[in-house]
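I opened this one to see how the chain is put together. These are my notes, in the order I looked things up.

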Amino acid sequence: MKTKRTNLLTFTLALLAGGLLPPFNVNAEPDTVPEPAGIEKAENIDLEEPIEALPPTEESTADTSPKASNAAAEPTPEPEPEPADPYEEGMPIVLLGKEIPPRTATRLAWSAGASLDGISGSTPVLVVNGAKPGPTLCLTAAIHGDELNGIEIVRRLVYDIDPTKLTGTVVGVPIVNIQGFRRNSRYLTDRRDLNRHFPGHPEGSLASRIAWSFFTEIIEHCSVLVDLHTGSFHRTNLPQLRADLMNPAVKDFSENFGSTVVLHSRGAEGTLRYAASMAGVPTVTLEAGEPMRLQDKEVAHGVKAIQTLMNKMGMRKHSRFWGDPEPVFYESTWVRVDTGGILFSDVFLGKRVAEGDVLGTVTDPITNRREEVLSPAKGRVLGMALNQVVLPGFAAYRIGIETPEGEINIPPPRDEDVLDSSKLDRASTVEPTEMDPDLEPETAE
Ligand SMILES: [Zn+2]
């Protein structure tokens, strides 16, 4: 313990003295301190080169837990103080039991631990450690295994980074829920929604154990996190951030994604976004498009948004700015249909609507009775259902209501997705019904 603290202190002082402590490194982890000898260096690879198989995962998840590293570090003598130069050349980082030197990229593997290995399998963790020290930006996708756009966003982004030109570190996990991905399913094999179990527990349910392993081994090493999602169950979303704008660190973070709309939402307990933000890692979700599909326009928006973020965080130097666009902030309400039948939309994603505008119609194919679905407010279509057969109460449209920056001061409901939006009641609170695998289907995130 003592050794570890001394190391951290020396490291922090060295950074402060050099004026190098990056402004975004809000969560300077002890684990990013160069460990004493004994940690295997990760191989520097060209991430774009195809591979035969993932490298084996580390034997024990305990290897990277703070307790275990402390225990291991104790008998080790104090390492020689590092000369100042290496700091300017970037810092090695330690993740999943491997040391990743600066100016290198590597592919590691994460699985939820030996006891679950046969069930969960391992999934790639792409790490690019830059030439200069800086924040660790984490990108996670496919926590819902059927949400494919995020997988491609992470792939395009991470493979495009030149580690010799990067400041800080990018950690990309393209497929968090490998179980769901293999079965084309949102859920884990036990039908639980992984994104309702963070930060998890080592002795909890399968979902809770997987969440805990991922949270402690990856997420706690991040400075900031973007969790990538799409709409769920035959719904689609305009590319948008979900952010708790009542949290100042999250609000600041959400302003860096260029011309991407920001939807104010606290997030349900158990979501990775909520748990990571609570643990001091400012997190937003980036929603883009619909599940089960790969959509080029949505993918391109996501890539551009995160490249803009990296520019703003000083992680890369590129001139791919969006001409300095301003984010637009929204609160939102769901519009539910009152009758069953076939839903046909008259609007498209991103369309601006006035109160009373027809959003779509529901026609009963047996009686041919038709009912119009009207917008309850002036706003913009941020999410909507695809044309399909619907039952009464089905949440068909999500209308974003533009909110001047600074005027978002109503604590949002815990889970805005289950708002009863027959009325425009933005202040109503719905108690979460989490930990139940049979979620409200419109709970997208
Ligand atoms: Zn999702």
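**Entry 1: a strand end.** I began with Glu402, which lies in strand E19 (residues 395–402). Helices (H or I, at least four residues) and strands (E, at least two) are DSSP runs, numbered from the N terminus. Glu402 is partly exposed, with 13 other C-beta atoms within 10 Å. For that term I use these cut-offs: buried is 20 or more other C-beta atoms within 10 Å of the residue's own, exposed is 12 or fewer, and partly exposed is in between, with C-beta atoms placed from the backbone. I then looked up what Glu402 touches beyond four places in sequence, and found Val328, Tyr330 and Gly379. Contact here means that the C-beta atoms of two residues, placed from the backbone, lie within 7 Å. Val328 is 74 residues from Glu402 along the chain, yet their C-alpha atoms are separated by 7.2 Å.

**Entry 2: ground rules.** I noted that this is a predicted model, where local features need pLDDT of at least 70 and side-chain atom pairs count only at pLDDT 80 or more, while totals for chains, interfaces and linings use all residues. Residues are numbered from 1 along each chain as its sequence is written.

**Entry 3: the whole chain.** I counted 10 helices and 19 strands in the protein chain. Of its 445 residues, 49% are buried. Among contacts with a separation of 6 or more, 72% are between residues 24 or more positions apart.

**Entry 4: H5 and H10.** How do the axes of H5 and H10 cross? The axes of helix H5 (residues 149–159) and helix H10 (residues 296–312) come within 9 Å and cross at roughly 45°. That makes the pair oblique. The axes are lines fitted to C-alpha atoms, for helices over the stretch in contact, and angles run from 0 to 180 degrees between N-to-C directions. Under 35 degrees counts as roughly parallel, over 145 as roughly antiparallel, 65 to 115 as roughly perpendicular, and the rest as oblique.

On the H5 side of the contact I listed Asn149, Glu152, Ile153, Arg156 and Leu157, and on the H10 side Glu298, Val299, Gly302, Val303 and Ile306. These contact residues divide into five nonpolar, two polar and three charged. Here Ala, Val, Leu, Ile, Met, Phe, Trp, Tyr, Cys and Pro count as nonpolar, Asp, Glu, Lys and Arg as charged, and the others, Gly among them, as polar.

Is H5 mostly covered or mostly open? Mostly covered: nine of its 11 residues are buried. Among them are Gly150, Ile151 and Val154. The buried residues of H5 pack against strand E5 (123–129), strand E6 (132–141), E7, E8, E11 and H10.

Entry 5: Pro163 is in the loop between H5 and strand E7 (167–173). Pro163 is buried, with 22 other C-beta atoms within 10 Å. Leaving out residues up to four places away in sequence, Pro163 touches Arg103, Thr104, Ala105, Val128, Asn129, Gly130 and Ala131. Gly130 is 33 residues from Pro163 in sequence, but 4.7 Å away in space, C-alpha to C-alpha.

**Entry 6: H7.** Helix H7 (residues 206–217) has 12 residues and reaches 16 Å from its first C-alpha to its last, close to the 16 Å expected at 1.5 Å a residue. That expected span is 1.5 Å times one less than the number of residues. I found 10 of the 12 residues of H7 buried, including Arg209, Trp212 and Glu217.

Entry 7: Where is the cis peptide bond? It joins Phe198 and Pro199, with omega about 5°. Pro199 is found in the loop between helix H6 (178–183) and H7.

I also flagged His234, which has a positive phi of about 60° although it is not a glycine. His234 is in the loop between strand E8 (224–229) and strand E9 (235–243), and it is partly exposed. Met292 has a positive phi too, about 65°, and is not a glycine. Met292 is in the loop between strand E11 (283–289) and H10.
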